[in-house]
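Please keep the sequence and the structure in view while reading.

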Amino acid sequence: MGNYPLPLLFGFENDPGYFYDFFHQAHKPTADQFVATQQRVLMIGVAPALTMATELVDQARLDSQQLPTDLQKRVEQALTRLAAATAQPQ
């Protein structure tokens with residue numbers, strides 16, 4: 001249904017046992033558990049999500065080469081801004 005962000009899905013794929021246990025607890029997770037899970041998502045899932053975003057931007061660049069030159073330049077500017085937004089966090 002699209003309720004989970006991509007980094008969480010990659011985290012779930014990488015460590016399904018941890019995330020299954022987190023989401024299927026008999027009680028609501030504690031604040032500390034939420035923080036730990038958030039850190040785990042950031043550690044595991046952000047890099048593959050950013051890689052996927054970069055691949056999609058690269059494909060859009062290739063596809064945009066079929067557009068008229070003036071539109072191609074505008075698309076390239078937008079893709080450059082998007083690529084900067086998907087750069088790996090430090």
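## Model and confidence

The structure is a predicted model. Its chain has an average pLDDT of 89, and 93% of the residues reach at least 70. Confidence is lowest in α1, with a mean of 90, and highest in α2, with 94. Where pLDDT is low, the predicted coordinates should not be read in detail.

## Helix α1 and its buried face

Helix α1 covers residues 6-14, and Leu8, Phe10 and Gly11 are buried in it. Viewed down the axis of α1, these buried residues fall within an arc of 160°, so they line one face of the helix. They pack against two other helices, α2 (16-23) and α3 (31-64).

## Contact between α1 and α2

The axes of α1 and α2 come within 5 Å of each other and cross at roughly 115°. On the α1 side the contact is made by Leu8, Gly11, Phe12, Glu13 and Asn14, and on the α2 side by Pro16, Phe19, Tyr20 and Phe23. By type, the residues of this contact divide into six nonpolar, two polar and one charged. Of the residues named here, Leu8 and Gly11 are also buried residues of α1.

## Phe23

Phe23 lies in helix α2. With a relative accessible area of 34%, Phe23 is partly exposed, because the buried class requires under 20%. Leaving aside residues up to four places away in sequence, Phe23 touches Tyr4, Leu8 and Phe12. Pro7 is 16 residues from Phe23 along the chain, and the C-alpha atoms of the two are separated by 16 Å.

## Salt bridge between Arg40 and Asp15

Three salt bridges are found in a search of the whole structure. One of them joins Arg40 to Asp15, with 2.6 Å between the closest N and O atoms.

Arg40, with a relative accessible area of 27%, is partly exposed.

## Network around Arg61

Asp58, Arg61 and Glu76 are linked in a network of salt bridges. Within it, the side chains of Arg61 and Asp58 meet at 3.9 Å, N to O. Both residues are in helix α3, three residues apart, and are therefore separated by about one helical turn. In general, an α-helix has 3.6 residues a turn, so residues three or four places apart point the same way.

The side chains of Glu76 and Arg61 form a salt bridge of 2.9 Å, N to O. Glu76 lies in helix α4 (residues 69-85) and Arg61 in helix α3, so this pair ties together parts that are 15 residues apart in sequence.

Asp58 is partly exposed, with a relative accessible area of 39%, and Glu76 counts as partly exposed at 29% relative accessibility.

Note on methods:
Residues are numbered from 1 along each chain as its sequence is written. This is a predicted model: local features need pLDDT of at least 70, side-chain atom pairs count only at pLDDT 80 or more; totals for chains, interfaces and linings use all residues. Side-chain values use heavy atoms; hydrogens and water are left out. Buried means under 20% relative accessible area, exposed over 50%, partly exposed in between (1.4 Å probe, protein chains only). Helices (H or I, at least four residues) and strands (E, at least two) are DSSP runs, numbered from the N terminus. The arc is that of the directions from the helix axis to the C-beta atoms. Contact means heavy atoms within 4.5 Å. pLDDT is the predictor's confidence in each residue, from 0 to 100. Axes are lines fitted to C-alpha atoms, for helices over the stretch in contact, and angles run from 0 to 180 degrees between N-to-C directions. Ala, Val, Leu, Ile, Met, Phe, Trp, Tyr, Cys and Pro count as nonpolar, Asp, Glu, Lys and Arg as charged, and the others, Gly among them, as polar. A salt bridge is a side-chain nitrogen of Lys or Arg within 4 Å of a carboxyl oxygen of Asp or Glu.
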